[in-house]
Amino acid sequence: MVGPLPGEPGRGAPFTGLRQAEYFLAVVDSGGITAAARRLHVAQPSLSQTVRAIERQAGAELFERTPRGVVPTPAGRALVEPARRLLAARRTAGRAVSDVASLRAGRLELVAHASVTADPLAPAVGRFRRAHPGVGVLVEDAPDDDELVYALADGRHELAVVSLPLPPAPDLVTEELGHHDIWLAMAPGTAVAPGPVSPAEVSAMPLVAVLHGGSARHAIRRALADTGHEEDAGCEQDSREPAQAVRSSWAGVVTPRLGSVIPLVLTGAGAALVDRWYAARIAEQGGVVRPLAPPVRAPFGVARRREPLSPACRVFLDILRETCAARSADGAGPGPGA
């Protein structure tokens, strides 16, 4: 049974201080004492002693060893969210003064799908940095969608810039800010008629597919459904599906990185269904790009918990909204020939 949680009146607490909560979460996130000690820059014996002290205070074993490393027990998992919220409260209190004082210092931490990093995230980050050069920005790669939702819900991340839709979660709110128009990109010299390409024509091509995440996954699936090809050809494979689904897909190449699509297309590994930004980069290097007809659009936006944002995050979200509004007014972002 889990020990008493911080702040419960008349009961002891598993963490006697914020450092213990930080050490506990380092072991959870690192998957082992040794890796956590390196991350924290502390001696392994000292960290082991701290973990044992937390377990004594909690009245339960919080970790167990498995072939894959050290993982939380059910009691340990129950302490993860309270520990994250404890440290989040400390961070909020610590940065409140500097953030309110015209954002002269501090750091903005974001998590984002790779498919929205170039457009619209990069322009928004650029505007934010020019307005508040004293605030550093950390952008982390989003894990698979289920893990991203969990990380937002338990306080690991405050704001995510994402492809939509995400798996539903009662504690999260999402806001759509725009969409990507999906284009077909092919190797230089590919013989293809001028004008838009239909989903039926796309279904006959071997494509480069991205393994995880993704701006176009749901939109492309819907567009290709009528062609009889419902696998994730050229769009990103849902991480919850078995690996055999990737191997049986009619995609010619599967890559874990969206950035790998450009060189793979340019060297003739296959065509790809990409947003306008990537289509423009491929066209600049001699590739052949075409829009789709009917158009395929992949929405994007932000996701966050149902609670107030930190000052820096709130300011950034306003800038991102303005960036997306201007993007829509200019024709949904930069594209081939822009």
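Predicted model: local features only at pLDDT ≥ 70, side-chain atom pairs only at ≥ 80, totals over all residues.
Reader: Let's start inside. Which residues touch the most other members of the largest nonpolar core?

Author: Phe15, Phe24, Val27, Leu47, Leu62 and Phe63 do. That core has 25 residues.

Reader: And which elements give two or more residues to this core?

Author: Four helices are on that list: α1 (18-30), α2 (33-40), α3 (44-58) and α4 (74-100). The largest share comes from α1, with seven residues.

Reader: Take valine 27. What does it touch, leaving out residues up to four places away in sequence?

Author: Valine 27 touches Gly32, Ile33, Ala36, Leu47, Val51, Phe63 and Val70.

Reader: What other core lies apart from that one?

Author: There is another core of 23 residues. Val125, Leu309, Cys313 and Leu317 are among them.

Reader: Switching to rings. How many aromatic pairs does the structure hold?

Author: Four. One of them joins phenylalanine 15 and phenylalanine 24. Their centres are 5.5 Å apart, with 50° between the planes, and the pair is tilted.

Reader: Are phenylalanine 15 and phenylalanine 24 buried or exposed?

Author: Both are buried. Ring pairs also link Phe15 and Phe24 with Phe63 into a cluster.

Reader: Now phenylalanine 128 and phenylalanine 316. Why is that pair edge-to-face?

Author: The planes of phenylalanine 128 and phenylalanine 316 stand at 75°, so the pair counts as edge-to-face; the cut-off is over 60 degrees. The ring centres are 6.0 Å apart.

Reader: Which parts does that pair tie together?

Author: Phenylalanine 128 is in helix α5 and phenylalanine 316 is in helix α12 (residues 311-329), so the pair ties together parts 188 residues apart in sequence. Both phenylalanine 128 and phenylalanine 316 are buried.

Reader: Staying with α5. Where does aspartate 119 lie?

Author: Aspartate 119 is in helix α5, which covers residues 117-131.

Reader: Why does aspartate 119 count as buried?

Author: Because its relative accessibility is 6%, and buried means under 20%.

Reader: Which side chain does aspartate 119 join through a polar contact?

Author: The side chain of arginine 327. That contact is 2.8 Å.

Reader: Last one, another arginine. What does arginine 281 lie over?

Author: Arginine 281 lies over the face of tryptophan 277. The distance from the ring centre is 4.6 Å.

Note on methods
Residues numbered from 1 in each chain as written. Heavy atoms only, no water. Buried < 20%, exposed > 50% of the residue type's maximum accessible area, 1.4 Å probe, protein only. Polar contact = N/O pair within 3.5 Å; in protein donor to acceptor, adjacent residues only side chain to side chain. Core = buried A, V, L, I, M, F, W, Y, C linked by side-chain atoms within 4.5 Å. Contact = heavy atoms within 4.5 Å. Phe/Tyr/Trp six-rings, centres within 6.5 Å; stacked < 30°, edge-to-face > 60°. Lys NZ or Arg CZ within 6 Å of the ring centre and 35° of its normal.
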